[in-house]
Amino acid sequence: MSTFDSDAAAKVHAHLHSHLPSEPALRVKALESLLVERGMISTETIDAWVEAYSEEIGPKRGAQVVARAWLDAGFKARLLKNAAEAIKEFGFEGNATGHLIAVENTDQTHNAVVCTLCSCYPFSILGMSPSWYKSAAYRSRIVREPRKVLAEFGVELPDEIAVKIWDSTAELRYIVIPQQPKGTESWTEDQLAALITRNSMIGTQRELAVS
Ligand code: FE
C-alpha cells in the first residue's frame with residue numbers, strides 16, 4: 001500500500017507549476033481571448049501587431065532618426081525643437097511618439113531615460129522595450145544612483161559630465177541622441193544608422209563601436 005509523501009507531492013506540484021506560463025502571460029492570454037470572443041479584435045490583428053513591433057519596427061527607426069540628425073543640422077534642430085513633428089518626415093506611423101522629446105548627449109552631458117511609474121517607451125521608433133527597462137530595480141535605481149547604474153551598463157562617467165535622467169509618462173516619451181563617433185564624418189546615413197544601438201538611444205550606452 002502506498003503512503004502519501006508530502007515532500008514528493010510538493011515536488012510534483014512545483015514541477016507542474018514550472019510548465020505553466022507566468023501570471024502576467026496568463027492574464028494577457030485571458031484578455032486576448034475575451035477581446036477575440038466578443039468580436040472586438042481579431043487574432044489576425046493581434047498577430048500583425050506583434051509581428052510589426054518585433055520584426056519590422058525595432059530600434060532601426062530610431063537609428064535612422066539619429067543618423068539623419070548627425071548629418072543634417074537643420075533636421076537636428078527640428079528634432080530637438082519638436083521631435084514628434086520632425087519624425088513625421090520619415091512617415092513613421094504608430095502610437096507612443098505623439099509627445100516625443102529628443103535629448104542630445106554632448107561632451108558635458110549624458111542623458112538616460114526611464115519610466116519610474118511603469119514602462120512607458122517610444123515603441124513606434126524603438127520597438128519592444130528591453131526587459132531590464134521594465135524591471136523595478138532599473139526604474140528605481142537609475143533615479144537614485146544614476147552613475148552607479150550606468151557604470152553597471154559599462155558607461156563610466158567622469159564627474160565633469162553631468163547626468164540627466166528623463167522620466168517618461170504615458171504622454172511623454174524620450175529618445176537620446178548619442179554622439180557621433182569620431183572618424184565617421186564621411187559616412188552615409190545608412191552606414192551611420194547601422195552603428196546606432198537601442199541602448200544608446202535609451203542612454204545606457206554612450207560610446208558607439210565603429211568596426
Ligand atoms: Fe510608464
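Predicted model: local features only at pLDDT ≥ 70, side-chain atom pairs only at ≥ 80, totals over all residues.
Residues are numbered from 1 along each chain as its sequence is written, and side-chain values use heavy atoms, with hydrogens and water left out.

Student: Which spacing do the donors of the iron ion follow along the chain?
Tutor: Donors are N, O and S atoms within 2.8 Å of the metal (3.2 Å for Na, K and Ca); water is not among the atoms, so sites may look incomplete. Here the iron ion is coordinated by Cys115 (SG), Cys118 (SG), Ser119 (N), Cys120 (N) and Cys120 (SG), at 2.1 to 2.8 Å. Along the chain, the spacing of these donors is C-x2-C-S-C.

Student: Is serine 168 buried or exposed?
Tutor: Buried means under 20% relative accessible area, exposed over 50%, and partly exposed in between (1.4 Å probe, protein chains only). Serine 168 has a relative accessible area of 4%. Therefore serine 168 counts as buried.

Student: With which side chain does the side chain of serine 168 make a polar contact?
Tutor: A polar contact is a pair of N or O atoms within 3.5 Å; within protein, one must be able to donate a hydrogen and the other to accept it, and residues adjacent in sequence count only if both atoms are side-chain atoms. Contact in general means heavy atoms within 4.5 Å, and serine 168 touches residues including Cys115 and Cys120, not counting residues up to four places away in sequence. The polar contact of its side chain, at 3.5 Å, is with the side chain of tyrosine 133.

Student: How many residues of strand S2 are buried?
Tutor: Helices (H or I, at least four residues) and strands (E, at least two) are DSSP runs, numbered from the N terminus. From S2, Thr109, Asn111 and Val113 point one way, and His110, Ala112 and Val114 the other way. Strand S2 (residues 109-114) is largely enclosed by the rest of the structure, because the number of its residues that are buried is 6 of the 6.

Student: What does the side chain of asparagine 111 reach at 3.0 Å?
Tutor: Asparagine 111 is found in strand S2 and is buried, with a relative accessible area of 2%. Not counting residues up to four places away in sequence, asparagine 111 touches residues among them Val103, Glu104 and Asn105. At 3.0 Å, its side chain reaches the backbone oxygen of glutamate 104.

Student: Which residues touch the most other members of the largest nonpolar core?
Tutor: A nonpolar core is a set of buried Ala, Val, Leu, Ile, Met, Phe, Trp, Tyr and Cys residues joined through side-chain atoms within 4.5 Å. The largest nonpolar core holds 44 residues, and its largest share, 6 residues, comes from helix H4 (residues 60-71). The members that touch the most others are Leu79 and Ile196.

Student: With which residue does glutamate 89 form a salt bridge?
Tutor: A salt bridge is a side-chain nitrogen of Lys or Arg within 4 Å of a carboxyl oxygen of Asp or Glu. Glutamate 89 is partly exposed, with a relative accessible area of 40%. In its salt bridge the closest N and O atoms are 2.7 Å apart, and the partner is arginine 78.
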